[in-house]
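Visitor: I would like to learn how to read a structure like this one, feature by feature. Could you walk me through it?

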2 protein chains.
Amino acid sequence: MTSTPPTASSGQVTSGVSADHPGVNELFALLAYGEVAAFYRLTDEARMAPNLRGRINMASMAAAEMNHYEVLRDSLERRGVDVVPAMTKYASALENYHRLTTPSTWLEALVKTYVGDALAADFYLEIATSLPDEVADVVRAVLSETGHSQFVVAEVQAAVTASEKQRHRLALWSRRLLGEAITQAQYVMADHDELVDLVMSSGEGLTQITEFFGRLQQTHASRMQELGLA
Amino acid sequence: MTSTPPTASSGQVTSGVSADHPGVNELFALLAYGEVAAFYRLTDEARMAPNLRGRINMASMAAAEMNHYEVLRDSLERRGVDVVPAMTKYASALENYHRLTTPSTWLEALVKTYVGDALAADFYLEIATSLPDEVADVVRAVLSETGHSQFVVAEVQAAVTASEKQRHRLALWSRRLLGEAITQAQYVMADHDELVDLVMSSGEGLTQITEFFGRLQQTHASRMQELGLA
């Protein structure tokens, strides 16, 4: 996958999408399942924490995911959607992502937390700019709740400064996380026409999707720099 | 343990306790560990949920525990306490409670959630009335966040209406939960003089403690009625 540089027009699309587009419900259901899956994975992976402080940080992150979930659930309920069955459609993609990226050390768990949180924030930000205002507001409310994973930076930086071997291992690991996330995102698109239609009709269509995945890779690279993994 | 009926003066004590009493830090540290322990136990026990809806309800409960934790942590930080080491002192009592009350079925997990949430609410309410205002405000802020366990009632009622055997099993289970909670509370008091001094100096001392445990049993009995276990 090559990174296409963003064009002047990207990110300032005047959306042609209606808030009633069926893809909006699908998008919110996907995001809602993502939050619940992240909650349970974070608490599982927190078992590897070497101390109480680490377990508390992971628990706070996980609690923030449930706050995001509640924003999405409330919006889906207002839209007349039966939330749990709607979410269930997206279980396999998200469970596959987590199964294929099960960390084997606490440092891998920390990097996964950070990368996952950042990818989710990128994703929320991208979709907010290309959706009608009343839908974008929900997405922004969730986005304003992210950024709980800053505690990761100091711990990962210290570990990779002390060990070149750790730096290489974790750099490979973070590339794998991005790759699996993109793979699963593509599977989801392939299986759900309403989502594809939502993205295609919200501006420049395919060009925008290509640019989107390009930007994901650029912001991922800058996060790797922050963690000392570049 | 016998239940002493509340006297006319109970619950309207004008506290003689100062907000600087060292027992206040100990109390908040105990409650803070209790919230984190509850978070991890709820998410563990949610594994027994028969469906996604049950797992989501448990995750929402667990997330609320972390919101309580954050209120307590912020207050401890303002009081100049190093939070994590202060909490660690109370790990064994709370971990023992959870270890001794590990549910073996989803219904036992639901009852434990409900009883635990209710006992915590009773406890917060009791201590709020006997503490100086600025401390009581923190406790009330946490209390206002409880009551997420209402989802339990319908599910337990349905199960015990369908099966007398379940009713008896769960009634015994809930009695065991209360017993273990009181036992661990007494161990904590025996080990931490500042807490005993806090309670003793906040009104009527020993009489108040006896009444407190008496009231816990009364409210527990009314909850058992709600669940159909009386």
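This is a predicted model: local features need pLDDT of at least 70, side-chain atom pairs count only at pLDDT 80 or more; totals for chains, interfaces and linings use all residues.

Visitor: How far apart are B:L27 and B:L72, in sequence and in space?

Guide: They are separated by 45 residues along the chain, while their C-alpha atoms lie 9.9 Å apart.

Visitor: Is B:L27 buried or exposed?

Guide: The cut-off for buried is under 20% relative accessible area. B:L27 has 5% relative accessibility, so this residue counts as buried.

Visitor: Which helix holds B:L27, and how is that helix built?

Guide: B:L27 sits in helix α1 of chain B, residues 22–45. The 24 residues of α1(B) reach 35 Å from first C-alpha to last, close to the 34 Å expected at 1.5 Å a residue. This helix is also mostly covered, with 21 of its 24 residues buried.

Visitor: Now the two chains together. How should I think about the size of their interface?

Guide: Interface size is often given as the accessible area lost when the parts come together. Here chain A and chain B bury about 2000 Å² between them, with 66% of it on carbon and sulfur atoms. On chain A, the residues A:Y40, A:L52 and A:I56 supply 27% of the area buried against chain B, more than any other three residues. The contact draws 26 residues from chain A and 26 residues from chain B.

Visitor: How many salt bridges and polar contacts are there between the chains?

Guide: There are two salt bridges between chain A and chain B. In one of them, the side chains of B:R47 and A:D44 meet at 2.8 Å, N to O.

Visitor: Which element of chain A gives the most to the side that touches chain B?

Guide: That is α2(A), with 13 residues. By residue type, this side of chain A divides into 16 nonpolar, four polar and six charged.

Methods
Residues are numbered from 1 along each chain as its sequence is written. Chains are lettered from A and ligands numbered from 1 in the order in which they are written. Side-chain values use heavy atoms; hydrogens and water are left out. Contact means heavy atoms within 4.5 Å. Buried area is the accessible area (1.4 Å probe) that two parts lose on being put together, summed over both. A salt bridge is a side-chain nitrogen of Lys or Arg within 4 Å of a carboxyl oxygen of Asp or Glu. Helices (H or I, at least four residues) and strands (E, at least two) are DSSP runs, numbered from the N terminus. Ala, Val, Leu, Ile, Met, Phe, Trp, Tyr, Cys and Pro count as nonpolar, Asp, Glu, Lys and Arg as charged, and the others, Gly among them, as polar. Buried means under 20% relative accessible area, exposed over 50%, partly exposed in between (1.4 Å probe, protein chains only). The expected span of a helix is 1.5 Å times one less than its number of residues.
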